[in-house]
Amino acid sequence: MSFAHVDASADPAALAAYLDRHACGPMAGVKARLLAMLEVRPGERVLDVGCGTGHDLELLARAGAVPVGVDASAEMAVRSRARCAAVVQADASRLPFPAGSFDGCRIERVLLHVADPAGVAAEVHRVLRSGGRLVVFEPVWASLSIDSAEPAVSRAVVRAVAEGISQPLIGHQAASLLAGAGFTEVTRVDEPGEFATWAELRRTIDLDKAVGRALSRAKLSAEAAARWRAEMHSRSADGSFHATLTRTFLTARA
Ligand SMILES: C[S@@+](CC[C@H](N)C(=O)[O-])C[C@H]1O[C@@H](n2cnc3c(N)ncnc32)[C@H](O)[C@@H]1O
């Protein structure tokens with residue numbers, strides 16, 4: 001699963017389907033919470049950076065805002081335009097908008113995929129008017145913890161997960177990054193996300209790819225991986241599976 005380069009990935013449609021599934025399922029609460037945190041007033045222009053398939057553009061419009069989406073991917077831009085006409089295909093570190101042209105901005109699960117999160121923060125600061133509000137949600141994939149009788153194997157898998165993500169620590173780094181870009185009144189709340197089964201965790205992150213990466217780098221033996229996988233399935237069946245992930249919510253003012 002690579003949201004860093006959607007158009008170059010083997011199956012962009014599968015990535016879009018992932019976003020659609022999550023928007024109506026596990027991420028619906030996060031999206032509602034970010035919308036509330038943004039405190040949108042009618043008629044305000046709000047930018048959704050990395051808008052994906054555009055679900056949040058619809059939510060923003062329903063809240064009375066004038067949403068504009070930007071996404072690096074042509075595939076995502078086309079799909080999100082089905083929900084909102086005002087979507088531009090562009091890299092978030094080079095936003096094609098004049099300075100001070102937005103009242104608000106949201107960024108959800110995007111900074112973890114970009115090469116230059118500080119550059120994105122600087123651009124978002126530039127396009128927001130003075131006092132404009134920013135809300136951000138990012139997971140900290142390096143914080144993933146998977147309970148196991150073989151903690152060393154879990155650690156190898158978690159390391160491989162983090163290695164597959166451009167910014168696996170971004171939730172931890174984002175507050176200072178925003179302050180560095182000139183944002184004020186930066187607030188940050190870290191919360192644990194919990195996964196009750198292996199299948200639930202796999203729906204969010206490509207664990208098979210991570211295990212494969214650990215195997216190919218000889219960080220894990222095939223026997224240990226098979227044993228660990230069997231343990232994960234048996235824990236899911238008897239209710240003892242437990243995995244947590246820190247998720248960070250931020251607010252700031254330009
Ligand atoms: C995990 S998806 C999140 C989509 C949406 N924010 C949501 O929560 O449903 C990440 C999105 O960021 C986009 N993206 C990744 N790197 C980007 C960049 N440098 N500039 C703009 N968009 C980017 C991807 O194309 C993808 O649509």
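In this predicted model, Trp 228 lies in helix H10. The residue is buried, since its relative accessibility is 1%, below the 20% cut-off. Leaving aside residues up to four places away in sequence, Trp 228 touches Ile 146, Ser 148, Glu 150, Val 153, Ser 154, Val 157, Trp 198 and Val 211. Ser 154 is 74 residues from Trp 228 along the chain.

Helix H10 spans residues 222–238. Its axis comes within 10 Å of the axis of helix H9, residues 207–216. The two axes cross at roughly 155 degrees. Angles over 145 degrees count as roughly antiparallel, and H9 and H10 are therefore roughly antiparallel to each other. Their crossing is right-handed. On the H9 side, the contact is made by Asp 208, Val 211 and Leu 215. On the H10 side, the residues are Ala 222, Ala 225, Trp 228 and Arg 229. By class, the contact of H9 with H10 holds five nonpolar residues and two charged ones, with no polar residue.

Helix H9 also packs against helix H6, which covers residues 151–163. The axes of H6 and H9 come within 8 Å and cross at roughly 105 degrees. This angle falls in the range of 65 to 115 degrees, so H6 and H9 are roughly perpendicular to each other. H6 contributes Ala 156, Val 157, Ala 160, Val 161 and Glu 163 to the contact. H9 contributes Leu 207, Ala 210, Val 211, Arg 213 and Ala 214. Eight of these residues are nonpolar and two are charged; none is polar.

Ala 152 is another residue of helix H6. Ala 152 is partly exposed, with a relative accessible area of 47%. Trp 228, by contrast, is buried. Ala 152 and Ala 224 are 72 residues apart in sequence. Their C-alpha atoms are 9.9 Å apart in space.

A further helix pair is formed by H5, residues 117–127, and H7, residues 170–180. Their axes are 10 Å apart, and the packing angle is about 45 degrees. That angle makes H5 oblique to H7. H5 passes H7 in a right-handed crossing. Pro 117, Ala 118 and Ala 121 of H5 meet Ile 170, Leu 177 and Leu 178 of H7. The contact of H5 with H7 comprises six nonpolar residues, with no polar and no charged ones.

The structure holds zero disulfides. A disulfide requires two cysteine sulfur atoms within 2.5 Å. For Cys 84, the closest cysteine sulfur is that of Cys 51, at 8.0 Å, which is too far for a bond. For Cys 105, the closest cysteine sulfur is again in Cys 51, at 11 Å, also too far for a bond. Cys 84 is buried, with a relative accessible area of 12%. Cys 105 counts as buried at 1% relative accessibility.

Terms used
Residues are numbered from 1 along each chain as its sequence is written. This is a predicted model: local features need pLDDT of at least 70, side-chain atom pairs count only at pLDDT 80 or more; totals for chains, interfaces and linings use all residues. Side-chain values use heavy atoms; hydrogens and water are left out. Axes are lines fitted to C-alpha atoms, for helices over the stretch in contact, and angles run from 0 to 180 degrees between N-to-C directions. Helices (H or I, at least four residues) and strands (E, at least two) are DSSP runs, numbered from the N terminus. Angles under 35 degrees count as roughly parallel, over 145 as roughly antiparallel, 65 to 115 as roughly perpendicular and the rest as oblique. A crossing is left-handed if the near helix is turned anticlockwise from the far one by less than a right angle, and right-handed if clockwise. Contact means heavy atoms within 4.5 Å. Ala, Val, Leu, Ile, Met, Phe, Trp, Tyr, Cys and Pro count as nonpolar, Asp, Glu, Lys and Arg as charged, and the others, Gly among them, as polar. Buried means under 20% relative accessible area, exposed over 50%, partly exposed in between (1.4 Å probe, protein chains only).
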